[in-house]
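Me: Please walk me through this model, question by question. Keep the answers brisk.

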Amino acid sequence: MASVEKALQMLRKLPRVALNNIKEFPEVIKERKARHALPRGKDAKFKLGADHKGAAQRMSRPRLGFGKSTPGYLRVPKEYYYSGHHLLRQYIPISLLQIQRLIDLGRLNPNEPIDLTDICNTKLLLIDPSKRQFGFQLTDEGADIFKSKINIEVQWILSELTIAAIEKNGGVVTTKYYDIESVNAMSDPRRFFLSGKPIPKNGTPPLNAIEYYTSAANRGYLANPEQIRIERLKLAQKYGYELLDLENDPQKDMLSKRKDPRQIWHGLEPGWLVNLKDEVILKPTDKEWIEYYKS
């Protein structure tokens, strides 16, 4: 009776029987595991784990979202607006404010024509041709405080305010294209001269840039000079300033300096070889050589 009383007393203290506190007998659990277990050893009909061949066995599965056999270039959606992006030309922006500051600091000489080489020689703005950088783009930042009379040559201008700010002070601006070989030489002339190569002949603009460099409104180097004079007058009337007469200007010689379309440096012709050690310039005498480098 003592054991029965003890059992009844224990039942009174135990919680009610429910689905969350009942459990099958261990024999039933063991029997179910044996019934659903995968066959192993001699009785196995298939291999467990990774296959003997393929990406799973070599641990070279494609990343998430890519199938086993579909190539990635077929699964990734195409973005056609990036077509030919690696062939585009880049231009390093330089503002009128930076040009004025470089002149005030004495890093640029306003009494001589300013081009890509002069800007790179300041060592503040550099060109990397390996990144398809084809020169400088002149912006209109600082147009209201620009006060220098200069003859500057850049590769790209988008704002007519930039042109007006320069011509208002009696200056001249030209946009000129240089191919990647010429830019490589102009960005570091000393390194180029030490290489022992002749001065390259500048290439012609690509098809998508011919319209820009033949436009007088952009002051392109291939534009008609008479048309440029007309555009200079139109821009002066539009912005309300008096256009200075270049013919009677005391700096006429400096302001009227222009390069040949095939020329990359003032005073140096394509095909010439500059020897820095002996300080001499070697000029070609062969007729075929002269004909090749002739503009």
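Me: Is Ser187 buried or exposed, and at what relative accessibility?
Reply: This is a predicted model, and the call rests on computed area. The cut-off for buried is under 20% relative accessible area. Ser187 falls under that cut-off, so Ser187 counts as buried, at 11%.

Me: Which helix holds Ser187, and which residues does Ser187 touch beyond its sequence neighbours?
Reply: Ser187 has its place in helix H7, residues 180-187. Residues up to four places away in sequence are set aside here. What remains for Ser187 is Leu116, Cys120, Ile127 and Pro129.

Me: Ala185 is also of interest. Is Ala185 buried or exposed, and which residues does it touch?
Reply: Ala185 lies in helix H7. Its relative accessibility is 1%, so Ala185 counts as buried. Leaving out residues up to four places away in sequence, Ala185 touches Phe192, Pro200, Ile264 and Trp265.

Me: How far apart in space are Ala185 and Pro200?
Reply: Pro200 is one of the residues that Ala185 touches. In sequence the two are 15 residues apart. From C-alpha to C-alpha, Ala185 and Pro200 are separated by 8.1 Å.

Me: Which members of the largest nonpolar core touch the most other members?
Reply: The largest nonpolar core has 49 residues. Four of them touch the most other members. They are Ile99, Phe136, Ile199 and Trp265.

Me: With which residues is Phe136 in contact, neighbours within four places aside?
Reply: Phe136 is among the core members that touch the most others. Its contacts include Leu116, Ile119, Cys120, Leu125 and Ile127. They also include Val154, Gln155 and Trp156.

Me: What is the strand order in the open sheet of three strands, and which strands are at its edges?
Reply: The sheet has parallel pairing and the order E1-E2-E4. An edge strand pairs on one side only. That makes the edge strands E1 (90-95) and E4 (156-157).

Me: How many salt bridges does the structure hold, and how far apart are the closest N and O atoms of Lys259 and Glu153?
Reply: The structure holds eleven salt bridges. One of them joins Lys259 and Glu153. The closest N and O atoms of this pair are 3.3 Å apart.

Me: Which parts of the chain does the pair of Lys259 and Glu153 link, and are both residues buried or exposed?
Reply: Lys259 is in the loop between helix H11 (252-255) and strand E6 (273-275). Glu153 is in strand E3, residues 151-154, and the two are 106 residues apart. Both Lys259 and Glu153 are buried.

Me: Where do Glu167 and Arg219 lie, and what is the relative accessible area of Arg219?
Reply: Glu167 and Arg219 form a salt bridge, with the closest N and O atoms 2.8 Å apart. Glu167 is in helix H6 (residues 160-168), and Arg219 is in the loop between helix H9 (207-213) and helix H10 (225-239). Glu167 counts as buried at 1% relative accessibility. Arg219 is buried too, with a relative accessible area of 3%.

Me: What separates Arg229 and Glu226 along helix H10, and what is the relative accessible area of Glu226?
Reply: The side chains of Arg229 and Glu226 meet in a salt bridge at 2.7 Å, N to O. The two are three residues apart in helix H10, so about one helical turn separates them. Arg229 counts as partly exposed at 46%. Glu226 is partly exposed as well, at 48%.

How values were computed
Residues are numbered from 1 along each chain as its sequence is written. This is a predicted model: local features need pLDDT of at least 70, side-chain atom pairs count only at pLDDT 80 or more; totals for chains, interfaces and linings use all residues. Side-chain values use heavy atoms; hydrogens and water are left out. A nonpolar core is a set of buried Ala, Val, Leu, Ile, Met, Phe, Trp, Tyr and Cys residues joined through side-chain atoms within 4.5 Å. Buried means under 20% relative accessible area, exposed over 50%, partly exposed in between (1.4 Å probe, protein chains only). Contact means heavy atoms within 4.5 Å. Two strands pair if DSSP finds at least two bridges between them. Helices (H or I, at least four residues) and strands (E, at least two) are DSSP runs, numbered from the N terminus. A salt bridge is a side-chain nitrogen of Lys or Arg within 4 Å of a carboxyl oxygen of Asp or Glu.
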